[in-house]
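Reader: I would like to learn how to read a structure like this one. Could you take me through a few features, with the general idea ahead of each case?

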Amino acid sequence: MGCKTLCFGLTLILFAYYIYTPLPENIEEPWKVGVIDALIKTTSLTATLLENMGLIGYAELFSMLLKLDQTVLISDENITVMDTKFTDIPVCLYLPKKKSESQRRAVIFIHGGAFVMGSCRQMAYDFLNRWTANKLGAVVVGIDYRLAPQYQFPVPLEDVISVVRFFLQDNILAKYGVDPSRICISGDSSGGTLAAKVTQLVQNDPEFKNKIKAQALIYPGLQVVDVLMPSHRQNEHGPILSRDMAIKMGCLYLTKDKALPQAVRENQHMPHGSRHLFKLVNWSTLLPEKYRRNHIYTEPIIGKLNSSYPVLLDSRLSPLLATDSQLEKLPLTYIITCEHDILRDDGLIYVSRLRNAAVNVSHDHIEDGIHGALFFMTTPFYLHVGIRISDKYINWLEENL
């Protein structure tokens, strides 16, 4: 009995050691963030064990749990909420009830979730889009694009492009009373990835290029070329999003081959013929000095992966690989980055490149921000930092859209 108790106790200690991550000193509500971080790491460990046993895929467990957080879309006294489809892609449509004397603004919102989980029906996203529609008197479209690993790249991107092009048709905008000169595409995390790329593609499409006034990107992931940037090193263990979790889920967007995430962890995943792209994401020249700190730049190692993935050179996967001439055409841009986030440097580099291309950019850096904060705006995981970020986002839209 004593031996069993001792073993159980040691197991608990080892488990606590595994999931515990010291939090930065400036984190607001550290006990809440610590609990959320521990729950996520516990889920990650459980998912890894179940996958190794052949019972369930790593991302599948996260996806199943997030479905428990999805809400039934209902209208309220201010907003009519419609569960409909645009070109066979499910969307959540938020329409203000109050009559407007002029045409309305519109926001197309693309949810995050590492391309493998999540929905615009999550409680936090429903709350955000409802709040946006009410505060701005705007039509809001939330897109439920198909998810990996069942639908891998470029299917999610194509779904989003399909919805955006459908919505931007003159007859559809007229149907919902939308001003065609006051439309924004926005997204958080992987949704920010999709929003950035869709905006690039639309701005290069003669039929639609004048219909996007702005883009808003909230802690976006914008490249997979170099995964050893300073923010990856500083925030390797989180909080919330660890480097290992991001790599596991991000690779599922492309393949189920276990060789790819292993190569990505070592920054040895880029194929031959990719070196010319490194300058577009070179943090040693594009990252503000403050964020480089004492880190030493080394190029990603080329050609180590036995299987070749030419998709890694595709700017549809990494919006930061767009050329300067492509960036010059982009509309008014708002970017939010968070200090304690492995994706921080992607957003900071995009700010630098857009400013170098003379694009009008507004940037807010949240010094105590964490990745995924928008997701924690509703009970039971309410975080003030999520509300602060959503306030900044909506206030910027109100002033600029």
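Author: Let us start with burial, where buried means under 20% relative accessible area, exposed over 50%, and partly exposed in between (1.4 Å probe, protein chains only). Ser63 has a relative accessible area of 15%, so Ser63 is buried. Before we go on: this is a predicted model, in which local features need pLDDT of at least 70 and side-chain atom pairs count only at pLDDT 80 or more, while totals for chains, interfaces and linings use all residues. Residues are numbered from 1 along each chain as its sequence is written, and side-chain values use heavy atoms, with hydrogens and water left out.

Reader: Which helix holds Ser63?

Author: Helices (H or I, at least four residues) and strands (E, at least two) are DSSP runs, numbered from the N terminus. Ser63 lies in helix 3, which covers residues 58–67 and also has Tyr58, Ala59, Leu61, Phe62 and Leu66 buried.

Reader: What do the buried residues of helix 3 pack against?

Author: Contact means heavy atoms within 4.5 Å. The buried residues of helix 3 pack against helix 2 (30–52) and helix 9 (243–252). Ser63 itself touches Val116 and Met117, leaving aside residues up to four places away in sequence.

Reader: Which residues does UniProt list for "active site"?

Author: A word on such records: UniProt positions are given in the numbering used here, feature names are shortened, and annotations may be inferred rather than shown by experiment. In this case the unreviewed UniProt entry lists Ser189, Asp341 and His371 under "active site". They are spread over 183 residues of sequence yet cluster in space, with a largest C-alpha distance of 10.4 Å.

Reader: Where are Asp341 and His371 placed?

Author: Both sit in loops: Asp341 between strand 7 (332–340) and helix 14 (344–356), His371 between strand 8 (361–370) and helix 15 (384–400). Asp341 is buried because its relative accessibility is 2%, and His371 counts as buried at 7%. Again leaving aside residues up to four places away in sequence, Asp341 touches Tyr219, Ser231, Asn235 and His371. With that exclusion, the contacts of His371 include Ser189, Tyr219 and Asp341.

Reader: What joins the side chains of His371 and Ser189?

Author: Think of a polar contact as a pair of N or O atoms within 3.5 Å; within protein, one must be able to donate a hydrogen and the other to accept it, and residues adjacent in sequence count only if both atoms are side-chain atoms. Here a polar contact of 2.8 Å joins the two side chains, His371 and Ser189.

Reader: How many aromatic pairs does the structure hold?

Author: Rings of Phe, Tyr and Trp (its six-membered ring) pair if their centres lie within 6.5 Å; planes under 30 degrees apart count as stacked, over 60 as edge-to-face and the rest as tilted. The structure has 13 aromatic pairs. In one of them, Trp283 and Tyr297 have ring centres 5.6 Å apart and planes at 75 degrees, so the pair is edge-to-face. This pair links distant parts of the chain, 14 residues apart: Trp283 is in helix 11 (residues 283–286), and Tyr297 is in the loop between helix 12 (289–292) and helix 13 (324–327). Trp283 is buried at 1% relative accessibility, whereas Tyr297 is partly exposed at 22%.

Reader: Which residues form one aromatic cluster?

Author: Phe109, Tyr125, Phe375, Phe376 and Phe381 do.
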